[in-house]
Amino acid sequence: MGGKVENVGILAMEIYFPSQYVDQVELEKFDQVAAGKYTIGLGQSRMGFCSDREDINSLCLTALHRLIEKNNINLHDIGRLEVGTETIIDKSKSVKTFLMTLFAKEGATDIEGIDTTNACYGGTAALFNAINWVESSSWDGRKAIVVAGDIAVYGKGPARPTGGAGAVAMLIGPDAPLVFDCGVRASYMTHAYDFYKPDLASEFPYVDGKLSIQCYLSALDNCYNLFCQKMRKVDPNFKGLLSLDGMLFHSPYCKLVQKSLARVSFNDFLNAKEEEREKQFPGLSQFSTYNRSDTYFDRDVEKAFMTYSNKLFEEKTKPSLHIARNVGNMYTPSLYGGLVSYLVSKSPDQLIGKKFALFSYGSGLASTMYSINICNDMSAGSKLEKLINSLNENVAMLDTRQSVEPQKFSDIMQVRTENYHTAPYEPSGSIEVLFPGTYYLNKIDDQRRRTYERKL
């Protein structure tokens, strides 16, 4: 297609979350745990959830159809469609093939890409694949779409409040308002059994909670330090967190994100030259000889750097947590829900020209830190203005959801669990409560074939 394209990134976004939620304060009472265990300890306010009317295919169909409609996308102008998910309902057939029903109606079938899976990292891997495709010699001039979606559910017990559900669809191409930096992605991949789903007859994962936190923070340490090294090759004056306007994280729960921002400050502290350390980090010199690997559960380090970084957190990270706090962990879309929250938290003139880093993590484990720049064009009718206006409409839907009592929520979860592999099956969940334009599961036949309808 000629010369190398420039400013490749996100042209448009659409986020979908379920129309029902359970309040975490009420869930604390229902579960008979101490007040604040979920709301303060985890940092969560509300948790979105799906009845048996929604599955991974319907979530992704909803997000994709909205993206196409709101942006008047010509389906023949899409050359790649890839899905990131860990919600596996078929060991062979991809979610992407279900999404192709929207394209096949228009005769648009020349579309590359399938599903990408590794816990919460699959959406990022699919996004990188799309970016790489547009920047490669294989690119044919068309745009790409990435869809990330998941339903995060847990059995009764302490992990259940960390659930959530949702999907995000992103249009990828050149001359984008959100531009991906080239050559500075920093990845850390290794083997760990921190969170995994070997039981294909169950939606529930096996989780080693303590190991999971250790793996997340270790991956963050490795990615952040490598990211800083690569950034300094591009910009010798790069000063880590202080050079970034925003710092976004995959959010299993919001409290871990706050601790992660403190962890970044701890890394900046250890990396600082001795003569600069006391000036930038007053009163923290006692931690200068600490090793990163010995401090994942060190309460003194955690408390000291959470206190130090509180203002940085309020400015650079907290604005990204609005959706996570009110929907929960969406798994693959989690980081991108953070991106949406960050973008709608500020006025357009506060966003232009800003740079922020994003940390993507998936258990098992796979992780990457990368950076995005916001373009300088905020003129009336610009791509950036359209993107932000659209996302504001999305986020406003949080306040139109229906609150469900914990007992009813628990009953709905029980129906999902009991019928997870039932066929033939006709779902019993309410269609009325769904947002207009939502796809839902109509039935599963005796050959386990799924059919869907769209609520008008």
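A: On a 1 Å grid over the protein atoms alone, a cavity is a set of points where a 1.4 Å probe fits but cannot get out, while a pocket is an open set with protein on both sides within 12 Å along at least five of seven lines; lining residues have an atom within 4 Å of a point. Points are joined across faces, edges and corners, and a volume is the space filled by probe spheres set on them. The model is predicted, so local features need pLDDT of at least 70 and side-chain atom pairs pLDDT 80 or more, while totals for chains, interfaces and linings use all residues. Residues are numbered from 1 along each chain as its sequence is written, and side-chain values use heavy atoms, without hydrogens and water.

At least two lining residues come from each of strand E3 (46–49), strand E6 (143–152) and helix H14 (406–418) (helices, H or I of at least four residues, and strands, E of at least two, are DSSP runs numbered from the N terminus). E3 supplies the largest share, with 3 residues. By class, this lining has 9 nonpolar, 3 polar and 1 charged residues (Ala, Val, Leu, Ile, Met, Phe, Trp, Tyr, Cys and Pro are nonpolar; Asp, Glu, Lys and Arg charged; the others, Gly among them, polar).

Now for the open spaces. The largest pocket has a volume of about 930 Å³. Thr 87, Ile 88, Ile 89, Asp 90 and Tyr 420 are the closest to its centre among the 40 residues that line it. Helix H2 (56–70), strand E10 and strand E16 (439–444) are the elements that give two or more residues to this lining. Its classes divide into 16 nonpolar, 10 polar and 14 charged residues.

The second largest pocket has a volume of about 560 Å³. It is lined by 24 residues, and those closest to its centre are Thr 162, Val 207, Gly 209, Ser 212 and Tyr 253. Helix H5 (residues 209–234) gives the most to this lining, namely 4 residues. Here the classes come to 16 nonpolar, 6 polar and 2 charged residues.

That brings us to the charged pairs. The model has 18 salt bridges (a side-chain nitrogen of Lys or Arg within 4 Å of a carboxyl oxygen of Asp or Glu). One of them joins Glu 86 and Lys 197, at 2.9 Å from N to O. This pair links distant parts of the chain, 111 residues apart: Glu 86 is in the loop between strand E4 (78–84) and helix H3 (95–104), and Lys 197 in the loop between strand E10 (195–196) and strand E11 (206–207). Glu 86 is buried at 7% relative accessible area, whereas Lys 197 is partly exposed at 25% (buried is under 20% relative accessible area, exposed over 50%, partly exposed in between, with a 1.4 Å probe and protein chains only).

Another salt bridge pairs Glu 82 with Arg 80, at 2.8 Å from N to O. Glu 82 is buried at 3%, and Arg 80 is buried too, at 14%. Lastly, Glu 14, Lys 70 and Glu 393 form a network of salt bridges.
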